[in-house]
Structures are given as C-alpha cells and as structure tokens.
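Okay, everyone, thanks for coming.

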Amino acid sequence: MKLRINKASPFARKARILARETGIAGRIEEVETTVSPVTANEDLARENPLVKIPALVTDSEELLYDSSVICEYLDTLHGGRKVFPAAGPQRFAALRRQALTDGILEAAVLCRYELAVRPETLRWKDWVEGQKRKIFGGLGVLEAEADSWSGDFDIGQIGAACVLGYLDFRFADWEWRSRHPRLTAWYKDVSSRPSVAATAPS
Ligand SMILES: N[C@@H](CCC(=O)N[C@@H](CS)C(=O)NCC(=O)O)C(=O)O
C-alpha cells in the first residue's frame, strides 16, 4: 500500500499513528508529498482529486481518501483491538470525537494557510479570529470530557493527539495549555506512546 503523507500533516498523522498502533505500519510505504492549496500536483490529483493528503493506494489499487476513510479502512486490516469501536455508544462517541478533532484541524490548517501562504496584504484578521473561536470552542469540549476518556486509544483520542501536536508545532504562541489542564496532563501521558512519539510533526 502507498500512503501519501507529509511529516507536518496532522491528517496524515492520524493514519500513521493508527498504522503503528495496530501493527500494520510495515505494510505501508509512506510517500512524502508536498502540498499547497495554490500549487497543482498532478500525481496527487490522480489519486485524490481534492489534491490533499493523506491519500491511500491500496494493494488492489483502490484509491481512498480522506483521513477518516483511510483510517477506518486500515483498521479492517488487522485482527487486534479495533481503533474504531465496533458498535454502540462507544462507537458513536469515538466517531463524534473524530468529527470534532477533524473540524478543529480543518480550522487550524486554514489558519496556517492564511498566515503563511496568503500574501500579507490580503490577510483577514477577523477570519482568523473566527477560526480560532472554533478551535478553542472545540478544545473546551475536549477539556470537559478528557477525564472520562477510556484507556483505549481510539480514533477520537488519536484525533485529539494530532490536534494538540499540530497546535504545538504551528501555533505554540497560542499557548493552548494555559486554559486546558486536563488535556495538558492527558497529552503528556499519550506523547510517550511509541506511535505518537515516532510521528511527531517536523
Ligand atoms: N478532510 C481531509 C483534510 C486533509 C487536508 O486538509 N490535508 C492538508 C494537509 S494537512 C492538505 O492536503 N492541504 C492541501 C490543500 O488544502 O490543498 C482529511 O481528513 O484527510
């Protein structure tokens, strides 16, 4: 299988963590791919017309995107503990948390493009502030529930680790820890997992 990734990408990191957690990383060739919303990439566009990473080419040459679909597919390829709980309230809590953390990441990646890619004269401060409200609103929900999270590192928790790692990597000056003591403690703990340590953004 070929997984298009970038070591800075928090969405690709979801799949990279899941592969390491479930023991299938050796079956995946990670292909470093540079992406930018303003640069064409015909190779990637053939695999994902949205020209985003991650994108997966399976062993049977199927093309899969986006990160949530890729993660759910990879989770079918092993016989161990499932990262996507099979059924019931646990499944929907994990899926809802994945939706929340994906939404936070979408807002954070858009802020990154606005602040690093868009020409300075065209930047829109209020728009960035609007995205930040979504990010910190989402963090508030994660903070409120973090104490009740099970020890299972499910897809929602993987998403949360990718969010916090990305904020440290791109927006350290936003100091998310100052208002989120439970998430701070949880993230300190989870950062020592080999899957999380091996995929730290760079
Ligand atoms: N919803 C997508 C988002 C993926 C995404 O935005 N990836 C970024 C890199 S972190 C990207 O490829 N950006 C290029 C672009 O927006 O054109 C997913 O879950 O995979």
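So, Tyr113: a polar atom in its side chain sits 2.8 Å from a nitrogen atom of the ligand. Bear in mind that this is a predicted model. Glu106 does something along those lines too, with an N or O atom of its side chain 2.9 Å from a ligand nitrogen. Then there's Asp66, where a polar side-chain atom is 3.2 Å from a nitrogen atom of the ligand.

How much of the ligand's accessible area does the protein cover? On its own the ligand has 510 Å², and the protein covers 90% of that. The space the ligand takes is the largest pocket. Two elements each give two or more residues to the shell: helix H1, residues 10–21, and helix H4, residues 88–116.

Now the shell itself. There are 14 residues around the ligand, and the closest are Lys52, Ile53, Ser67, Glu106 and Tyr113. Sorted by class, you get eight nonpolar residues, three polar and three charged.

Okay, on to the rings. Searching the whole structure turns up five aromatic pairs. One of them is Trp149 with Trp186, which is edge-to-face, with the centres 5.0 Å apart and 85° between the planes. And why does that pair tie together separate parts of the sequence? Trp149 is in the loop between helix H5 (125–145) and helix H6 (155–170), while Trp186 is in helix H7 (residues 181–190), so the parts being tied together are 37 residues apart in sequence.

That's my bit, over to you.

Definitions and conventions
Residues numbered from 1 in each chain as written. Predicted model: local features only at pLDDT ≥ 70, side-chain atom pairs only at ≥ 80, totals over all residues. Heavy atoms only, no water. Near = heavy atom within 4 Å. Polar contact = N/O pair within 3.5 Å; in protein donor to acceptor, adjacent residues only side chain to side chain. Areas by Shrake-Rupley, 256 points an atom, 1.4 Å probe, with all protein chains shown as cover. 1 Å grid on protein atoms, 1.4 Å probe; cavity = no way out; pocket = protein on both sides within 12 Å on 5 of 7 lines; lining within 4 Å. Sits in = over half its atoms within 2 Å of the grid points. Helix = DSSP H or I, 4+ residues; strand = E, 2+ residues; numbered from the N terminus. Nonpolar A, V, L, I, M, F, W, Y, C, P; charged D, E, K, R; others polar. Phe/Tyr/Trp six-rings, centres within 6.5 Å; stacked < 30°, edge-to-face > 60°.
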